[in-house]
Amino acid sequence: MKDKIFQTFDTPQRQENPSYLLEKLRQELKVKKLDGYIIPRTDFFQGEYVTPSDERLKFFTGFTGSAGFCCVLQEKASIFVDGRYRVQVKQEVSKDYEIIHWPEVTLWDWLNKNLLNGTVAYDPNLHTIKEIDELGAKITSTSIQLTQTENLIDLIWESRPDSPLGQVTEHRLNFSGETSESKCAKISQKLRESEQKFCVLTDPESISWLLNLRGQDVPRTPVVQACAIISDDGRVDLFIQPEKTYGLSKKNLRHVFEFPFSEFKNHLRTLKGKTRIDYQKTPVAVKESIDEYVFGDDPCLLPKAKKNNVEIQGTKKAHVRDATAVTEFLFWVSKQKPGTFTEIDAVTQLERLRRNLPNFRDISFDTISGSGPNGALPHYRVTHKTNRVVKNGDILLVDSGAQFLDGTTDITRSISVGSPTNEQKKFYTLVLKGMIAISKVRFPRGLAGRDIDSLARVPLWEIGHDYDHGTGHGVGVYLSVHEGPQRISRASNIVLEEGMILSNEPGFYKEGSFGIRIENLLIVKKAKKLKAFSNRDMLEFETISFAPLDRKLIIKDILTKAEIDWINQYNKSILSKVVVSKECEPWLKKETRPL
């Protein structure tokens with residue numbers, strides 16, 4: 001297994017001298033007569049994934065998670081993380097930092113407790129309007145002030161990497177299903193209806209979707225880091241580093257006019273007329289460059305989330321291809337003797353099986369391959385240092401995905417290695433019951449993710465357990481594996497609509513012992529009419545991920561007949577859709593036989 005693969009296993013470098021960096025930052029605070037500074041995980045584009053040159057939180061604290069922030073005062077420093085990272089952060093961050101459970105404790109709560117009076121600064125390029133407004137609204141009634149400053153981390157980051165210059169490519173019509181010109185015409189029509197002259201886009205996912213472009217700026221997510229201004233006549237001004245578009249065919253982009261990225265803010269200052277910006281996603285610095293701004297949602301978000309027929313059919317084909325690799329991988333695991341392979345071996349084998357599939361371009365995120373106690377870390381990333389031999393009695397949790405030209409995949413299987421315990425079987429079956437509940441639910445049109453999230457949790461709630469992440473996230477088409485705005489989450493009020501793709505991934509995590517998660521992707525579609533009288537317009541989900549469940553971990557006696565019927569029908573779908581090697585066929589038939 002010495003083949004070159006996309007994923008690497010380098011150990012994140014814990015800051016050798018975090019006290020030194022804290023002292024350097026505090027010196028900058030003194031020079032500027034400031035009392036505190038906020039360091040976010042996000043970059044200017046406010047995406048989940050950032051380039052090495054924007055990994056300021058990682059550089060400063062050592063924390064590698066995809067969400068969180070730090071606040072440094074002269075006498076105290078804290079890092080704020082949610083439930084997904086509360087074990088991981090202890091391993092990565094020094095004791096110089098207090099770990100704060102966020103969002104249970106907000107930044108305002110912490111500041112109110114730790115700073116009697118003073119000035120806290122932030123970089124307006126890295127914080128959204130909504131974020132600063134909400135914090136500022138609470139701070140105005142105290143003796144704490146909020147102010148803008150240049151980026152103080154950049155001042156002390158001596159070997160900061162250069163910004164990426166990945167080449168941009170066209171996402172062809174046979175994959176996108178709609179021309180960029182057509183998409184822009186629809187967006188400009190919305191602007192005219194709202195009596196708005198311009199809309200400023202700072203989200204690379206929206207710009208990549210709108211212009212049918214894909215990039216290489218961010219690992220695992222083929223977005224183009226750029227900004228754009230779309231006018232009410234369909235014209236688009238694209239602000240991008242010119243090196244990225246060398247060789248790009250412009251024949252399908254005659255409505256797009258390119259400018260250097262460095263001119264973006266100056267261009268904003270010249271706009272005359274109502275200019276729409278997204279309150280939740282736009283950096284403060286962008287708002288302050290516009291004379292006549294109005295707030296409105298990014299008009300690309302919902303059209304991007306509601307896939308067209310070409311995208312849906314392409315995604316389904318991509319998932320069937322991906323299912324071959326995942327099923328062959330599960331077969332491979334079944335042949336390994338406990339104690340003879342590692343978490344890294346599993347990652348390498350799975351990627352090897354995927355990378356020769358048609359239209360494969362990359363993995364969609366670094367594979368989570370966690371055995372035993374490592375599986376209890378929801379976002380565990382295996383390294384050479386943490387790599388664990390998979391032993392008898394372990395649960396191996398493998399969460400992985402691929403980027404194909406026609407679709408993005410994400411699937412999780414929890415695999416029993418050797419002989420499972422009764423406890424492992426119980427929690428696997430309870431998690432499976434929750435996953436099935438989401439898979440088979442019919443629901444009235446107009447419901448949001450928050451309205452159905454609890455269905456996946458009820459089996460765990462009944463015995464006093466839960467999990468600290470959402471049940472599902474949106475997924476793009478050869479874009480981000482974590483796409484908004486659609487989610488299955490207690491926090492999501494976005495109405496679920498036909499064509500949206502979401503994950504379905506309840507879990508259970510016993511710290512220090514094992515983790516279980518089962519994940520398939522779903523497409524929202526119009527529900528089939530029932531024979532019985534019904535006057536409600538209903539929606540349902542179609543499962544598009546196909547790979548066997550672990551029969552050794554299923555306790556049939558605690559499943560209902562409807563749940564058993566669902567599993568048996570799902571197994572039939574696997575057998576009918578997934579093409580595997582002759583060597584794998586007998587195993588697959590055995591694993592998918594009726595319960």
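Reader: Which backbone oxygen does the side chain of Ser180 reach, and at what distance?

Author: Keep in mind that this is a predicted model. To read such a feature, follow the side chain to the atom it reaches. Here the Ser180 side chain goes to the backbone oxygen of Leu210, at 2.9 Å.

Reader: Where is Ser180 found, and is the residue buried or exposed?

Author: Ser180 sits in helix H8, which covers residues 180-193. For burial, look at relative accessibility: under 20% is called buried. Ser180 comes out at 4%, so it counts as buried.

Reader: What is Ser180 in contact with, leaving aside its neighbours within four places in sequence?

Author: There's Leu210, Leu211 and Asn212, and then Asn252, Leu253 and His255.

Reader: Let's turn to strands. Which way do the side chains of strand S8 point?

Author: The general idea first: side chains in a regular strand alternate between the two faces of the sheet. In S8, residues 198-201, Phe198 and Val200 point one way, while Cys199 and Leu201 point the other. All of these are buried.

Reader: Which strands do bridges join to S8, and are they parallel or antiparallel?

Author: Take each partner in turn. Strand S10 (residues 227-231) runs antiparallel to S8, with four bridges between them. Strand S13 (residues 275-277) runs parallel to S8 and is joined to it by two bridges. On that side, Phe198 stands opposite Thr275.

Reader: How do I read the open sheet: what is the order of its strands?

Author: Walk across it from one side to the other. The six strands come in the order S4-S3-S2-S1-S5-S6, with mixed pairing. At the edges are S4 (98-101) and S6 (144-148), each pairing on one side only. From one strand to the next, the twist averages 25°.

Reader: How many bridges join S3 to S4?

Author: Four, and S3 (residues 77-81) runs parallel to S4. A handy pair for checking this on screen is Val81, opposite His101 in S4.

Methods:
Residues numbered from 1 in each chain as written. Predicted model: local features only at pLDDT ≥ 70, side-chain atom pairs only at ≥ 80, totals over all residues. Heavy atoms only, no water. Buried < 20%, exposed > 50% of the residue type's maximum accessible area, 1.4 Å probe, protein only. Polar contact = N/O pair within 3.5 Å; in protein donor to acceptor, adjacent residues only side chain to side chain. Contact = heavy atoms within 4.5 Å. Pairing = 2+ DSSP bridges. Axes fitted to C-alpha atoms, helices over the stretch in contact; angles between N-to-C directions.
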